Amino acid sequence: FLFGTSAFAAPSSVTTGSIQLIQVKNETAEVPASIQGVTGTVDLQAGTGELTIPINAWDSALKVRDNNVRGTFFQAAEHPTATFTLASLTLQDGVGTAKGTLKMFSGSVPVEASVKVTTDEAGVTTVQTTAPFSVSISGLGLSDNLTALMKLCAHKSVTDAVNAQVSLTLAQP
């Protein structure tokens with residue numbers, strides 16, 4: 001079933017949230033990773049919300065890489081989270097556009113993503129991106145961190161753009 005946002009008259013807590021990421025190193029090698037444990041609230045009716053992203057949960061399934069990315073790139077020990085603030089959500093028949101700002105210790109960037117909101121027979125509502133959206137490393141002020149990571153890992157190149165997809169499950173009202 002696909003229900004309109006009128007079923008949600010108040011903000012809902014995120015019960016499970018994840019981000020899937022893909023970055024390209026050395027010209028063609030895709031590096032997939034995920035961040036589990038995204039928390040926060042979303043008000044579907046108002047089109048607002050705030051998500052806390054646990055940067056220290058970044059996981060590429062390679063421990064050495066994960067430690068290098070968390071330490072050198074994200075500086076996760078000092079800055080364990082990032083924040084996404086949802087500023088607007090435009091939906092028609094459960095499909096539309098989410099706009100907001102991703103903020104890290106180093107800076108912030110606008111984010112726009114195509115999303116789909118569904119509620120199943122059990123009343124469980126999910127919000128998912130329908131296509132990857134791009135986040136700029138230089139836009140976040142992390143170019144020096146990326147250069148340090150490339151040097152540490154001996155990579156020829158790492159793209160500035162990180163493609164991301166988000167999946168959230170909301171608490172029932």
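Me: Happy to look at this predicted model with you! Which residues does Ser18 touch, not counting residues up to four places away in sequence?
Reply: Start from the place of Ser18, which lies in strand 1 (residues 12–25). Ser18 has a relative accessible area of 14%, and buried means under 20%, so Ser18 counts as buried. Not counting residues up to four places away in sequence, the residues that Ser18 touches are Ile35, Gln36, Val38, Gln165, Val166 and Ser167.

Me: Among contacts between residues at least 6 apart in sequence, what percentage join residues at least 24 apart?
Reply: Contact here means heavy atoms within 4.5 Å. Leu140 and Val109 give an example, as they are in contact and lie 31 residues apart along the chain. Over the chain, among contacts between residues at least 6 apart, the share joining residues at least 24 apart is 58%.

Me: Let's stay with Leu140: is it buried or exposed?
Reply: Leu140 sits in the loop between strand 10 (133–136) and helix 2. Leaving aside neighbours within four places in sequence, Leu140 is in contact with Leu102, Met104, Ser106, Gly107, Ser108, Val109 and Val135. Its relative accessible area is 5%, and the cut-off is under 20%, so Leu140 is buried.

Me: How far apart are the C-alpha atoms of Leu140 and Val109?
Reply: Along the chain these two are 31 residues apart. Val109 is also one of the residues in contact with Leu140. The separation of their C-alpha atoms is 6.0 Å.

Me: Now helix 1. Within what arc do its buried residues fall, seen down the axis?
Reply: The buried residues of helix 1 (residues 63–73) are Asp66, Asn68, Val69 and Phe73. Seen down the axis of helix 1, they line one face of the helix, because they fall within an arc of 165°.

Me: Which exposed residues does the face of helix 1 turned away from its buried side carry?
Reply: First, the covered side: what covers the buried residues of helix 1 includes strand 5 (58–59) and helix 2 (143–153). The face turned away from that buried side carries the exposed residues Lys63 and Val64.

Me: What is phi of Ala61, in the loop between strand 5 and helix 1?
Reply: Ala61 has a relative accessibility of 75%, and exposed means over 50%, so Ala61 counts as exposed. Its phi is positive, in a residue other than glycine. The value is near 70°.

Methods. Residues numbered from 1 in each chain as written. Predicted model: local features only at pLDDT ≥ 70, side-chain atom pairs only at ≥ 80, totals over all residues. Heavy atoms only, no water. Buried < 20%, exposed > 50% of the residue type's maximum accessible area, 1.4 Å probe, protein only. Helix = DSSP H or I, 4+ residues; strand = E, 2+ residues; numbered from the N terminus. Arc of directions from axis to C-beta.
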